[in-house]
Amino acid sequence: VVGLYGASCGSCEYCVSGKPQLCMRRLLFGLNIDGSFANYLRVPRAERTLVKVPEGMSIRKAVLVPDMFQTALYSVEAGGVGPGSRVLITGVGAIGLSAVIAAKLAGATTVIAVDVRDRPLKLAKELGADYIIDARENDVLKRVREITGLGVDVAIDTSGVAPVVKQALEAVRPGGNHVQTGIVGKPVELDLRYVTGLEKRIIG
């Protein structure tokens with residue numbers, strides 16, 4: 001089996017409405033319950049927390065699902081990515097690369113991956129990104145608009161870097177969605193008049 005990063009209660013308002021990630025009585029391993037750096041671990045609410053690994057799937061692959069792929073898939077779904085979507089993914093670490101895969105599976109026709117590291121950009125291209133942008137050498141916003149015209153339908157930031165967050169939001173076309181997936185360590189200054197006037201949506 002593999003486990004989720006937290007255990008939801010199954011009975012609060014959020015759980016019964018299908019949003020266990022917002023559970024009012026959620027237990028998070030390593031935060032409000034003992035973590036999992038041990039040979040054995042008591043898992044509360046195991047029926048809601050553990051998932052059986054399908055036969056033929058290695059543990060090495062299975063451990064990627066509860067955090068990386070689940071987070072990426074949520075981001076893609078929350079942003080409304082679908083057939084024909086143009087998607088920008090800023091920061092292509094483990095979750096960003098997973099988002100590239102998820103966006104292509106959802107039917108996105110244009111996926112743009114941005115990073116400042118060679119290997120992640122190479123992997124993004126191998127995993128299906130249509131365009132890769134090295135932010136060290138390019139004006140990202142200018143390049144995105146060269147590719148898309150008005151901007152992307154959905155931007156997904158997995159970097160959590162304040163200036164990159166702002167840049168990703170600016171790359172969204174009027175009426176588009178920005179999904180903030182990466183945890184931001186510093187405040188981000190945003191002109192909300194810009195968001196309101198262009199009917200952009202920011203989704204957590």
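**A note on the salt bridges**

1. Lys-104 sits in helix H5 (residues 94–105) and Asp-130 in the loop between helix H6 (118–126) and strand S7 (131–134), so the pair ties together parts 26 residues apart in sequence. Helices (H or I, at least four residues) and strands (E, at least two) are DSSP runs, numbered from the N terminus.

2. A word on the model: it is predicted, so local features need pLDDT of at least 70 and side-chain atom pairs count only at pLDDT 80 or more, while totals for chains, interfaces and linings use all residues. Residues are numbered from 1 along each chain as its sequence is written, and side-chain values use heavy atoms, leaving out hydrogens and water.

3. Now look at Asp-134, which pairs with Arg-136 in a salt bridge whose closest N and O atoms are 2.6 Å apart. Asp-134 is buried at 10% relative accessible area, whereas Arg-136 is partly exposed at 48%. Buried means under 20% relative accessible area, exposed over 50%, and partly exposed in between (1.4 Å probe, protein chains only).

4. Within helix H7 (residues 140–148), Glu-146 and Arg-143 are three residues apart, about one helical turn. Their salt bridge has its closest N and O atoms 3.3 Å apart. Glu-146 is exposed at 52%, and Arg-143 partly exposed at 28%.

5. Finally, salt bridges link Arg-86, Asp-153 and Arg-173 in a network. The whole structure has nine salt bridges.

How values were computed:
A salt bridge is a side-chain nitrogen of Lys or Arg within 4 Å of a carboxyl oxygen of Asp or Glu.
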